[in-house]
Amino acid sequence: MWWGYSQPLDLQAEVAQREDRVLSNIEVLIVGSGDARHIVKTLASSYTHPDQTITYHVIEPTLEQVARSILLLSICLENDLGLQEATRYYLEILGNTLLRPATAKYLAKCAKQLIDIPTRTVDCPWLSLEKFKHKDRDNLECIFKFWTRATREGVPIVNYWDRRIRKLLKTRYDYREGVFDWDYYMVLKPRCTTNLTVQEYRFWRNNGVAFTWLEGEPVRSNPTLLNNIIQHGPGFIHYAYLGDIVNGPFFTWSTVEKNGDKLRATDIAEREVMRAIHEIRTKEPLCEDHVGAHRDASILNGIIVSQMPDIEMENESWISTEEKSKKDKKISWMEVPNHKIIFHPATSLESLKSKCEYVNRFHLIWVAHNMTKQLANLAPLISTDAPIIVELRKHMADLRKEDLQNFTRELKEIAQENGLRSLYDFDSNEHIFARFCKD
């Protein structure tokens, strides 16, 4: 639920492929992407297209996913972060249960400042939460407050992770390394074209740390991966970790064709996120020499972090002083004048089709693999001949060939029932996306 299983798409290019004319205003609806990667990619690629105003309407199933999307977008758009600094903050917060101390300190500071967005006491020109009710905004504020406190005080997220692994594997827990190797060699490696190494995958399956570098140990809990956060008196309660423990966050920014480079999935993801942030800032392509310029290329594939840090380091509490926090500099975001991101509550999936202003409104709709049953609610919202892109389940290691065949068949039936025509014959065993249009 915290990340997608497909690469980020340039939504502006997707619309242009189906439109004969250049639209002055594009409206897209993104349902359940979980990590804002399509918005980041579209922002990064916008300089390669004619000037167009793009409005992103985003629906996520939970408020925690909304808060994470806002945080990840803020990292990409913040003026005061260095390029490598922003890249690693993004990847660690996206996919690691444990963060390096520098990342954790940034998260605590940033979350404290993002508290002011739902209360409208700070102007965030690229974001709108006006569709949320006051209760939802209060809950968003609560989530940001929890992140600030939990990052300082620590939560036993590695224990939560281990409990999930034990519950999933049961009697096979003592032989989990063999289970992880099977999933990698027999499922993911034949099915997926990535630079994901077995060491990276096994390390993530064991403890939830996906992206690692030699410069700094991940020792602080990442509270943005916790679910059902509720304020309770002076404190908070939450429902541990309910996210993915089988597939990993590698199939977002690491899914590229192999070209002979001896790089890990982490190195590919770092390159792609760095390129996106650089292009957002400069409107120019990234020089490849910038990527990994601080490291010796001969050891990129030679050393992989494979040991967990001391648990006492992870549980050490930080002390925060209110006087110091008052002096914190406010976040300064770069200007993206032609782009606006509007979040809608999850209840909008049922209600938008009954509102005249949304019927036939969108020039593109993107739908996550676990939201396909919502196509009945989404089909009335797409304009004629505009694309609906559905994420498939090719990169999910817990599904076998017959499961993917059943998913393909069910998706085709749902699309046909709702008047959607497939633009090509797709198969979840072979394709990452299915594309439909409404005649």
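Reader: Helix α4, is it enclosed or open to solvent?
Author: Largely enclosed by the rest of the structure, because eleven of its 13 residues are buried. Buried means under 20% relative accessible area with a 1.4 Å probe, protein chains only. Helices are DSSP runs of H or I, at least four residues, numbered from the N terminus.

Reader: What am I looking at, and how is it numbered?
Author: This is a predicted model, where local features need pLDDT of at least 70, side-chain atom pairs count only at pLDDT 80 or more, and totals for chains, interfaces and linings use all residues. Residues are numbered from 1 along each chain as its sequence is written, and side-chain values use heavy atoms, with hydrogens and water left out.

Reader: Which α4 residues are buried?
Author: Among them are Leu83, Arg88, Tyr90 and Glu92.

Reader: What does Tyr90 touch?
Author: Asp35, Arg37, Val40, Leu72, Ile75, Cys76, Trp253 and Val273, leaving out residues up to four places away in sequence. Contact here is heavy atoms within 4.5 Å.

Reader: And the largest nonpolar core, how many residues?
Author: It has 143, and Ile70, Tyr90 and Trp126 have the most contacts inside it. Such a core is a set of buried Ala, Val, Leu, Ile, Met, Phe, Trp, Tyr and Cys residues joined through side-chain atoms within 4.5 Å.

Reader: Which helix gives the most to this core?
Author: Helix α3, residues 63-77, with ten residues.

Reader: Where does the core lie?
Author: Between domain 1 (1-59 + 349-438) and domain 2 (81-293 + 300-315), because both give residues to it. Those bounds come from an automatic or database domain assignment.

Terms used. Buried < 20%, exposed > 50% of the residue type's maximum accessible area, 1.4 Å probe, protein only. Helix = DSSP H or I, 4+ residues; strand = E, 2+ residues; numbered from the N terminus.
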